[in-house]
Structure formats: structure tokens, C-alpha cells
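My entries follow the order in which I checked them.

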Amino acid sequence: MADQPMLKFVKIERDMPEKRAAETRREDFREIYAEYADAKAKEQASRCSQCGVPYCQSHCPLHNNIPDWLKLTAEGRLREAYEVSQATNTFPEICGRICPQDRLCEGNCVIEQSGHGTVTIGSVEKYITDTAWEEGWVQPIAPMAERAESVGIIGAGPGGLAAADVLRRAGVQVTVYDRYDRAGGLMTYGIPGFKLEKDVVMRRNEQLEQGGVKFVLNCDVDADIFASIRAEHDAVIIATGVYKSRDLSMPNGEAQGIEKAIDFLTASNRKSFGDEVADFDSGRLNAEGKRVVVIGGGDTAMDCVRTSIRQGAKSVKCLYRRDRANMPGSQREVKNAEEEGVVFEWLSAPKGFTTDGDKVAGVMVQKMRLGAPDATGRQAPEVIENADYVEDADLVIKALGFEPEDLPTLWDTDGLDVTRWGTIKAEFTTGKTAVDGVYAVGDIVRGASLVVWAIRDGRDCAEAILEQFNTTAQVIAAE
């Protein structure tokens, strides 16, 4: 009887791909994890228990058919595994690298809950798709037939590009508009190379372009341009994400050396492309030789602390107002940061800044404790009296999350309503807004950890538009 390819989690332990030593990886921006060898990928995929109710799949925002492509990988049927993987996910090689698997699929793996260690879903997903690229299985989009309808997509981030992929495969004419000079959004300019090397993103952009997606870059959409985009296309998708940084209103908050995370990360990524970046070259957005303090506990904060280490910071500390167990960022990223030399100051919140002339000299820190749960159920931080101190700093990076821009006002469009959070109001499952023919990717598209939700929402918008196009065609044919 042939050896059963699955259910080996009892006798085979969880084994991640080899991770480069901290002292080596902190010297460059290359990805820190090696690739699985074929035998190792098969071995780790074979640990899947093939549950009748796969919690990994139900906790994936894209509802990827994870048990199916794990089984195909264990059986050596990699091309089929890739086909299953990409059927629900536009960018599986990107999600395999940057999704917060420890909070989603892997964190809800049944064998993880039973104490055997989760299946390394993300690493196998990355291996499958990297192999597909190497073998030439990933080809430019080639629709069975071209359609006359056209869609304009505002925003070339993961949500916009996912929508473009789905629509183009159906033969729809697609044009993507973006304010930056390269497509990819946060995948290009927000997420550092040690998590997502940029050639991985650029080859997807090229694949979309080769498949007929048109890109209009360096296009900062205003009211006039938005009106012309609506007039030119049969439908429009707003996939701008949220890039307006949250701020701190504190004493000396405008001092030189206090910077926004998005500015810091964008400058670093542009340098990786070989661009000229005046604010980096002047030293303003360069951590080299500086005492760096990053404020925040999400994945963006982790990107900032680990980027600072690679730029040659003298020291790097991260302040977060809750404890480690309650931070929103990936625990895997925290561990990687600690290995690389980052110091975390838990239960610590800023209350202001000290200065030396016009420049920041330190962060005034107040120590916290966790009190009663807030409205979300999380324990609310409370200030400990008489426990304040000053953390010396030459560069302070605010990684406090993002807020949406006021697009209805910016684009002067009646009926483009917003939610109480300021994001475009749209139907949850379709992305349809109150404005005829205008759709919007969901309001949680921000940060590396949420790229997977952007992909989901982009695909949902595209599928809703296709359904509308097909319904309209049927009505016309009937008449």
C-alpha cells in the first residue's frame, strides 16, 4: 500500500525555512527567509490534517483552498497546486511573504490548537508560486474574448491591481490610475525589501501590463480628473487605500526629527530602487548613526524599527502603550526585530517631546498599566502616576496608523458618502457606492498586514462589476 502523503503532523515537526542570521541580515534589505527545497515543501505540506472543517480556510479573508493545495504539494503536483492557489488569490507569492499568518490561517490551524505546531502555510504558498514563476507557468493574461466595456481603477495598490486582474481576465478594458511613478502602492513603497523584495512586485506589474492592463502613473486625481475618468469608463473603482498618517498633538510635536512612518519607509524603498531622494540624502529620513524611537505597535512600526537597524542606527527602541500580548502587530515580526537588536518598551506612551533648539532631543514617556476593557474588549491602558521619564532620541518615527483622505470634498462629487470613519461608504460584499457606476475597495486597506483584505475587496468589486455588465447585456439582448 502506498505511503499516505498526508496526516504526518504527529511524526514530522513543524520546520520553517532557514532564517538568515541576525548579524548578517541586518546589513541588507534582502528577504530574511530562504526558500524551501522541493522535498522540504512536500514534507511540511504533508503535515496538514485535512480537516473536514478547515479553520485555516475559513479564517483566510480570501477563503483560499489551503488544504487542497497543501495536499497537491505533498503529492508533488505543484502545477496543480499553483492553479488552485491562484484561483482565489491574485498575488499568492506576495501573501505567502507578508500575510499575518500567525493571526489568520496558521493561527487557526487545528493541529496548532492540538499542540503539534501549525502547518507552515505561508512558506509553502510562497514556494508554490515562486516555482510557478521559475517554471514559466505564470503567463500574461489572455482573455478568451475581448469585451467593449471599460473600467477605470483609481489606485494601483493590492486592491486596485487585484480588481484589474479579475476584470482583464474577463476581457474588460482596464486602465489603472495612480499618483506614484510605480504601481504596487504599499507593496512597492511601504513594505521593506526584507519582507517583500521589490522584483517580486515589479514582475506582477509587468505581467498585468503585458496582459493588457493600461497604467497611467504620476496621476494625482483631482475633481476634474475624477470627472473625466467617470466619463471615459463604464465603471470606476476607488482603490486609493488610506495614506493620511494619524498624528500626535503633543508639546514640541513639530520639532525637526519627528517624522511620519510612511515618509520614512517610502524614502528607504525609493533608495532601494536607486532613486534620488533629497530628504534621505540630507539625513532627514536616514537613521544612520541616530538614536531612533518608533512610536506604535503595528506592523508599520515593525517595518520602521527593522529599517532603522539596516540603515545603521546607533540604537532603536519601540514604544507601545500596551503589553506584548496585546500589540496589533505580528508576533513573528517582533521576534525578528528583537533578534536584530531592537529594544521594546512595553506599556509606554509618549506625552510630549524635549528639544535641543529646533531639533528633537527626546521623548517624554509615561508608563502605563492595563485596566478595565474598553469598548472593543481590549484592556484600556492607564497612566501610572510619577513614573514618567525621558527617552533620548535624534529621530522619532510616528507609526500610529492611517486615516482616509476626504475624497468626496477633494473630488467634489455629490452622493459619494462616507462612513463614520471617513472612508467611502460602500456595500460590504460588492463595493457599490451610492454614485452610479462607482465602486470602492473596503475601508481597512492599510498596512502590510492587511494586503490580503485589499485583494479580497478588489476581487469582490471586480466580480460585482462583471455581474452588472452581464445583467445589462442580457437586458439589452432581451429588448
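The entries below start with the ground rules and then go element by element.

**Ground rules.** I am working with a predicted model, where local features need pLDDT of at least 70, side-chain atom pairs count only at pLDDT 80 or more, and totals for chains, interfaces and linings use all residues. Residues are numbered from 1 along each chain as its sequence is written, and side-chain values use heavy atoms, with hydrogens and water left out. Helices (H or I, at least four residues) and strands (E, at least two) are DSSP runs, numbered from the N terminus.

I noted the background: an α-helix has 3.6 residues a turn, so residues three or four places apart point the same way.

**α4 with α5.** Next I took helix α4 (residues 66–74) and helix α5 (residues 78–88). They pack at an angle of about 165 degrees, with axes 8 Å apart. Axes are lines fitted to C-alpha atoms, for helices over the stretch in contact, and angles run from 0 to 180 degrees between N-to-C directions. The two helices are therefore roughly antiparallel, a label for angles over 145 degrees. Their crossing is left-handed, that is, the near helix is turned anticlockwise from the far one by less than a right angle. From α4, the contact uses Asp68, Trp69, Leu72 and Thr73. From α5, it uses Leu78, Glu80, Ala81, Val84 and Ser85. I sorted the contact residues of this pair: five nonpolar, two polar and two charged. Ala, Val, Leu, Ile, Met, Phe, Trp, Tyr, Cys and Pro count as nonpolar, Asp, Glu, Lys and Arg as charged, and the others, Gly among them, as polar.

**α9 with α18.** Helix α9 (residues 158–169) packs on helix α18 (residues 451–478) at about 35 degrees, with axes 7 Å apart. This crossing is right-handed. The α9 side includes Ala162, Val166 and Leu167. The α18 side includes Ala454, Gly458 and Ile465. The contact divides into eleven nonpolar, two polar and two charged residues.

**Loop between β8 and α16.** Where does Met327 lie? It sits in the loop between β8 (315–319) and α16 (331–340). At 7% relative accessibility, Met327 is buried. Leaving aside neighbours within four places in sequence, Met327 contacts Gly297, Met302, Tyr320, Val334, Trp346 and Arg378. Arg322 lies in that loop between β8 and α16 too. Is Arg322 buried or exposed? Arg322 is buried, at 4%. Not counting residues up to four places away in sequence, Arg322 touches residues including Trp346, Asp374 and Arg378.

**Positive phi.** Gln50, not a glycine, has a positive phi near 50 degrees. Gln50 is in the loop between α2 and α3 (55–58). Asp412 also has a positive phi, about 50 degrees, without being a glycine.

Technical notes. Buried means under 20% relative accessible area, exposed over 50%, partly exposed in between (1.4 Å probe, protein chains only). Contact means heavy atoms within 4.5 Å. Angles under 35 degrees count as roughly parallel, over 145 as roughly antiparallel, 65 to 115 as roughly perpendicular and the rest as oblique.
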